[in-house]
Amino acid sequence: MPTAMEQLIEYIEYILTPSSPVFIVGALIVFLVPIIVHIFVSRATPYTNLPSIVLVGPPGAGKTSLQTLLERGDVAPSTHSSQVPQSIELTASVDQHLSFREAVKDDAPGEHKKFLLVDTPGHGKLRNFAMDSLVAKDGLRGIVFMLDAATLDENLAATANYLYEVLLALQKRVSSSKTSKAVTVINVLIAANKSDLFTALPATLVKSNLEAELGRIRKSRSKGLLASGVGIDDVDNEENDDWLGEYGSEKFTFGQMQEFNLEVDIIGGSVSEAKVDKWWHWVSERL
Amino acid sequence: MLDTFEILTTSGVVLWSRSRLPITPPYKSDQHTLKWTFVKELGLIFVAVYRSLLHLSWVDKLVDNIKTIFVDLYGDQIKKPNTTIVHCQEFDGYFDQQMRELESSAATKGTTQTPTFALENEESISGNLGDEPPLPPGLKHRNNAKTVHDGAHDLSSTVERQPPSCWKRRAHGQDVATCAQDAEESFRCPHVVGRRDYRPKKKAPKKGRKWDADGFADEDDDVQLDYSAAPNSVTSDSEAEGRSAARSTAVDSVDSSTWGTKTSKGQFVLRDLDDEVHDILASAQNKSSTTSSGIVGSGLSTINSLFRNVVGGKTLTKEDLAKPMDGMKEHLIKKNVAPEAAVRLRDSVEKELLGVKTGSFESIDTRIKKAMEVSLTKMLTPTSSLDLLRDIEIVTRPSGFSSQKPRPYVMSIVGVNGVGKSTNLSKICYFLLQNKMKVLVVAGDTFRSGAVEQLKVHVRNLKELTEREGGQVEIFEKGYGGDAATVARDAVRAATSEGYDVVLIDTAGRRHNDQRLMSNLEKFAKLANPDKILMVGEALVGNDSVAQARNFNASFGQGRTLDGFIISKCDTVGDMVGTLVSIVHATNVPVLFVGVGQHYSDIRNFSVRWAVEKLLNSSN
C-alpha cells in the first residue's frame, strides 16, 4: 500500500512540475482534442445542400420507376413497394433542352446543375416520410406528384386526398413563414403517368377531374369534425387554415394556388415507354 | 425448384432477380412459400419464392448464403449515398453456383450418405470445398473455418469419415494444429492419396477426455501436443492461433491452386468461383464467431463506447438497448397499453434499432423515443382516407359516370355493454345533422329494457337541436323481443324507399366472450349489410381491450371485419390513451373517432399526432 501511495504522489508531482514533456503532452491534448471531436462530429453529419425535387404520389403510380429510369437512362428496372425514401443525385443541364438520356451522360453539353431527386413511399402508412420532406427541406425546388392516369377513375378519391394533403402542407408552409425574405415559388408538377395504357386519361381531363374532386374534399373537410387535441379556443383564429386555395371560393382551380406561391402544372407521360422528357424539362427548368 | 429469387432494396428497386416461370406477384399464400431475409444496415431484402408443394429445406440456407455473398461483393456499392445503381450482372454465376451446390447437397442427403460422398470427393479433386457433409450442430463455426483442410482430408480418408464422432475430435485445439500441418503437407502434394492416417493413433490417449457444452475439451492433460503455440500460453489462445494458422495456410494454398487453374479454361472457372464463394462464407462465419480481442482492445472499446454515448455515433447493440427498451415498455404499460401490444412494440423497435448508429450528440434514450414515435405513428396511421362525409356523398350522390344507384349509407355500432354505443351514435347523428343530412336512427337493441326509449329521447333532443340547421332525423323501432337483424334489414329498406341519406343502427351490447350473443352478429352483418361497422371501445378498459377488439373483429363472418373504432371516454383517462394502441395492435383496424365529453358535440376525428404525443409524454 505505502509503495502504491508513494508512486501515486510521485506521479502527481511529476505531472504538476513544469517540464518540457508535460508541456508538450498538455499542449497536444489541448490542441488535438477539439480537432478530433470536430472531425468526429462533422463526419457523422453529411454535408449536402443540393436543391431537391421530391417525388410523391399514391402507391403504384411509378415514382420509383421514374427515379430509376432517370438515373439509369436506359430502362427502368422492375420495382416493388418502397418502404423508405431514397434520394439520388442527378445532373440536369439548365440552358439546353436535352432528353434525359443525353443528360445522364457525362459529356452532355451545356451548363449543368446537380440536384437530388427524392423518392418517397406511397403507402398510406408511410406517407409521413413524404410529408416530413415537404415541410423540412430547405433546398426544396419542386414537387412531382405522380399519379396513375389509367386507373384514375377508381382511385380518384384516394389520389385527390393525398394531393390535397400535399398541397395543404405546402400552402401552410408558405403562409406560416413570416420571414421578411422573399418566399420562393414552389413548383408542383402533377405527372399523369401510364399514358401508354388504353384507359389513360389525357392531362386536361386529369386536371378537371382532380380540381372537381379537390373542391369536394375541401368542402366536406370544412364541415368535418375537429381533430382530437384541438381545443375549442384554437378554432376561431385559424378559421381558414385548413381551406385549400382561395377562401370561400365556390370552385377549386389550381390557379388559386398561385396566391400561395405554388405553381401547378399537369403533364402526361409514360415511364414504361420512357416518354418522360417533358417532365425532365420541367424539372431542369425549375432548378 | 425455385420460382423466383429477388434481391431488392427497401426503397423498392430490384437489384437482381431470377425467375424461372413468368409468374407475377401477388403470390398466393396457399400456393407459394416465401423465404426472405433482410440486411438492415444496407436496406437489402432477399426473397426466394417457391411452390408450397415442394418442401425445399435448403432454401433457408440458400437465402442466407446469397445474403452473405451479395453483401460481401456489393456492400460498398450499396453504401454509396444518392444512387440506386448497383452493378451486379456477374452475380448470376455466384447464384448458379450456390443453387447447384445446395441442390446437390439436398439430393445427397436423401440417399445413403457415405458412398455418395466418397464418389463426389473423388470426382472433384484438389481444392474443391463444395461437398461438406451436414455438420453436427454446434460445431459449425469451427469446421467451416477449416473447410480447406477438411477437403484435404477428404482426399485421403473418405472412407473413415463418420460424422459426428471424428468431427467432434476435429473441433479440438490440438487436432487443429496438427491438422494445419497435415493440410500444409497435403497441399504441397495435393494428389497424394495414401497418406498416413494419424487419427486412430491419437484416439487411444484421448478416451477420457471430457467435453463441455461448446464441444471443447478440458485441456489439462495434453497441452504439450500443441505445436503451434508457445508452450505456456492459455489453451484458448493456442487454439485460436492454431486455427488462424490453419486458415492462413488454407487461404494460401487456395490462392496458388486458383493461379494454376486460371491458365486452363472451361470448368475451372467454376471451381474458381466455388473457392471465392466459400472464402466469403467462411470469413463471414469467422467474423461472427470471433469476439473482442485482448484486454487492450476491450479497454479501448469501452472508452470508445463511453465517448460515443455522449457524442453520439454509437452503434447500438442488444445490450445497450435491453435496459432502456424495457423502460420504454414499462412506460407504455403505464399508459394503459396492453402488455401484449407493448411487448410487440418493444420488439419491433428493438429490431429496428439494432446496429443503428445514433446521431451526433444523441443519447440512446432520445433515439429510442424517436424510433418509438415512428413505430406508433406507423401503427396508428390508417391506410385509407377516413373522411366520413366524403364516403357518404359517394354512396348517396354517385357521380354520373358510375352505374351505382343512390342509396342510403348504412352505419352500425357494436360494442360491449355500457361503453357508450347509443351516446356515440347520437353524437355521430348530431354531426351528420349539422351537415344537413337526413338520418334514420334504428333501435336495434331489442333486448335491454329502456333501450328504445333511450334512443327516442336522443332523437327528440337532436330534433330540437338541429331544427335550425336543416337536418332531419327520425327513429325506426319495432319494440322489444324482435330479431335485431331483421329490424335492421327492414329499416334499410324503408330508408331506401323514403330517400334517407344515412341509416344509423344501434345494437345491443354484448359480452365479447359470449359465443351465443356474438354469433348473432354474423347474421346481422349479412342482413343489414352496413357500409361501416364501428365498434365502440372504452379508453378506460385495460388489457381486455385486445380480446374485445379481436373477438368483435372476427364475429362478422368471412370477409367482413370492423371498419373502425370509436374510443369513448377519452376525457376520463388523461394521458393514458393506451387502449388505442392495444386495439389497433390487435386488429389493424383504424380508429375513426374519439369521444371527449358528455355533449353531443364532444366527438373528434382521431389525430395520430395527438395520440403519439400523449403516449410518449412522460410527465405525469
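# A tour of chains A and B

Start in chain A by selecting A:Thr91, which stands opposite A:Lys114 in β3(A). The model you are looking at is predicted.

Now show the whole sheet of chain A. The sheet is open and consists of 6 strands in the order β2-β3-β1-β4-β5-β6, with mixed pairing. At its edges are β2 (86-93) and β6 (262-268) of chain A, each of which pairs on one side only. Ignoring direction, neighbouring strands are turned by 25 degrees against each other on average.

Zoom out to chain A as a whole. Chain A has 287 residues, of which 33% count as buried, and it contains 9 helices and 6 strands. Take the contacts in chain A between residues at least 6 apart in sequence: 75% of them join residues at least 24 apart.

Move to chain B and select its sheet. Here 8 strands form an open sheet in the order β7-β6-β8-β5-β9-β10-β11-β12, and the pairing is again mixed. Which strands of chain B stand at the edges? They are β7 (472-476) and β12 (603-605); each has a single partner strand, so one side of each lacks a neighbour in the sheet. From one strand to the next, the twist averages 25 degrees.

Strand β11 of chain B, residues 591-595, pairs with β12(B) in the antiparallel sense over 3 bridges. Select B:Phe593 to find its bridge partner in β12(B), B:Asn605. Then select residues 590-603 of chain B, which an unreviewed UniProt entry annotates as "domain: SRP54-type proteins GTP-binding". The end C-alpha atoms of this span lie 16 Å apart, and the span is 0% helix and 43% strand.

Helix α18 (residues 484-498) lies across β5 (409-415), β6 (438-444), β7 and β8 (502-507) of chain B, at about 165 degrees to β6(B). Helix α19 (residues 515-528) lies across β5, β8 and β9 (532-538) of chain B, at about 170 degrees to β5(B).

Now turn to the nonpolar cores. The largest has 95 residues, and those touching the most other members are B:Cys429, B:Val439, B:Val441, B:Val442, B:Val503 and B:Leu504. This core lies between domain 3 (306-380) and domain 4 (388-616) of chain B, because both give residues to it. Select B:Val442 and look beyond its neighbours within four places in sequence: its contacts include B:Phe476, B:Val487, B:Ala488 and B:Ala491, as well as B:Val503 and B:Leu504. A second, separate core has 59 residues, among them A:Met146, A:Leu167, A:Leu189 and A:Leu210.

Finish where the chains meet. How many residues of chain B are in contact with chain A? There are 39, and they are in contact with 41 residues of chain A. On the side of chain B that touches chain A, α14 (364-380), α15 (388-396) and β12 each supply at least two residues. The largest share of that side, 4 residues, comes from α15(B).

Methods: Residues are numbered from 1 along each chain as its sequence is written. Chains are lettered from A and ligands numbered from 1 in the order in which they are written. This is a predicted model: local features need pLDDT of at least 70, side-chain atom pairs count only at pLDDT 80 or more; totals for chains, interfaces and linings use all residues. A residue is buried if 20 or more other C-beta atoms lie within 10 Å of its own, exposed if 12 or fewer, and partly exposed in between; C-beta atoms are placed from the backbone. Two residues are in contact if their C-beta atoms, placed from the backbone, lie within 7 Å. UniProt positions are given in the numbering used here, feature names are shortened, and annotations may be inferred rather than shown by experiment. Two strands pair if DSSP finds at least two bridges between them. Axes are lines fitted to C-alpha atoms, for helices over the stretch in contact, and angles run from 0 to 180 degrees between N-to-C directions. A nonpolar core is a set of buried Ala, Val, Leu, Ile, Met, Phe, Trp, Tyr and Cys residues joined through C-beta atoms within 7 Å. Domain bounds come from an automatic or database domain assignment.
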